[in-house]
Amino acid sequence: GCGAAYLLEFLDRTVKTTSDVERIFKLPVIGYISEIEDKDQALAVSRDPNSVVAENFRLLRSNIEFFKISNPLKTILVTSPSQGNGKTTVAVNLTTSISQSEQDVVLVDADLRRPAVHAALKMSKEPGLVDIIKNKAEILSVVRQPQQAEINVIAAGNIPPNVTEVVGSKRISSILSRLKDTYEMIIVDAPPLIISDSYNLASKVDGVILVIVPGETTFDQAKAIKEQLDRADARMLGVVFNKLSARM
C-alpha cells in the first residue's frame, strides 16, 4: 500500500506544492484560499468579512501591498491556466477585500469570451468595457456598484463577434491609464491562459496573479505558461492556490 502511494505521488506530475511553484515559475505562492462553501462564492468576503476566507484574502492583499513598496502596482491582472480554477471568484473577493481597506479600487471584466463578473455579482452585463472600447460610452459612466457588494465594477458589455481585435485594441492601454487617474488600484479579470487574449492583456498591466488549483495543472502546462508570459514581458507577482480543502 505504501509503495503504491509513493508510485502515484511520483507519477502525479501536477503543480500542487509551493516547491513546485518555486521550481517552475521562480515565484512564491502569495495566497492560499480555502474552498468556499457558499454557493455565491464571489460574495464570500462581502457577506462574512470575519470568516476564514475573508482572512485568506486579507493575507493576499497584504502580500500585494509588499510589492507596492518597491514597484508601482496599480493594475493587477488575475488569470488562471484553464476554466474552472476560480479566477473570477478570486478577482471579486480580492477587490472586495481591498475596498474594505478603504482603498479606491475598481474591478474590470476583460474576459470577453466568457465574462462572469456580472453573473457572479447578479448585475447586468451592459454597459461595460466593450462600450468604452468602441467609444459608445465614457469610462466613468459605465462604472457601477452592484447591490450584492460595495465595490466599483466595469462589466464586460455587449460582446462583439471580433473579440480578439477588441482585446488587442490600443484602447485597452488607454482605458487602464485613465482608470489609474481615478482609482488607487484596478483589478482585471482576464481570460484563462489557454486564450491568447490573456497574454496581450498581461503585457499591459503592472502585475499578474496566477490562480491555480493544486493538482490540476501539469508541469508541462505550467512551463508553457511561464514561457508565454515571459515572451509577453509580463510581470508575474506570484501564484494563488485556490479551493484548498481542510485536509490540505
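Let's start with Arg 113, which counts as partly exposed at 38% relative accessibility. Keep in mind that we are looking at a predicted model. What does Arg 113 form a salt bridge with? The partner is Asp 197, and the closest N and O atoms are 2.8 Å apart. This pair links distant parts of the chain, since Arg 113 sits in the loop between strand E3 (105-109) and H6, while Asp 197 belongs to helix H10 (residues 196-202), 84 residues apart. Asp 197 has a relative accessibility of 3%, so this residue counts as buried, the cut-off being under 20%.

Now let's move to another acidic residue, Asp 40. Is Asp 40 buried or exposed? With a relative accessible area of 14%, Asp 40 is buried. Its side chain meets that of Arg 47 in a salt bridge, at 3.0 Å from N to O. Arg 47 is partly exposed, with a relative accessible area of 43%.

Asp 40 also forms a salt bridge with Lys 122, where the closest N and O atoms are 2.9 Å apart. Asp 40 lies in the loop between strand E1 (29-34) and helix H3 (44-47), and Lys 122 lies in the loop between helix H6 (117-120) and helix H7 (129-133), so the pair ties together parts that are 82 residues apart in sequence. Lys 122 counts as partly exposed, at 48% relative accessibility. Through shared partners, salt bridges join Asp 40, Arg 47 and Lys 122 into one network. For the whole model, the count comes to 11 salt bridges.

Next, please find helix H9 (residues 171-182) on the screen. How far apart are its end C-alpha atoms? They are 17 Å apart, and this agrees with the 16 Å that 12 residues should span at 1.5 Å a residue. Which residues of H9 are buried? They are Ile 172, Ile 175, Leu 176 and Leu 179. These residues cover an arc of only 95° around the axis, so they are on the same side of H9.

The largest pocket has a volume of about 210 Å³. Of the 14 residues lining this pocket, the closest to its centre are Gln 83, Gly 84, Gly 86, Thr 88 and Ala 116. Which helix gives the largest share of the lining? Helix H5 (residues 87-100) does, with three residues. And if we sort the lining by class, we get nine polar residues, four charged ones and one nonpolar.

Conventions: Residues numbered from 1 in each chain as written. Predicted model: local features only at pLDDT ≥ 70, side-chain atom pairs only at ≥ 80, totals over all residues. Heavy atoms only, no water. 1 Å grid on protein atoms, 1.4 Å probe; cavity = no way out; pocket = protein on both sides within 12 Å on 5 of 7 lines; lining within 4 Å. Points joined across faces, edges and corners; volume = space filled by probe spheres on them. Helix = DSSP H or I, 4+ residues; strand = E, 2+ residues; numbered from the N terminus. Nonpolar A, V, L, I, M, F, W, Y, C, P; charged D, E, K, R; others polar. Expected span 1.5 Å × (residues − 1). Buried < 20%, exposed > 50% of the residue type's maximum accessible area, 1.4 Å probe, protein only. Arc of directions from axis to C-beta. Salt bridge = Lys/Arg side-chain N within 4 Å of Asp/Glu carboxyl O.
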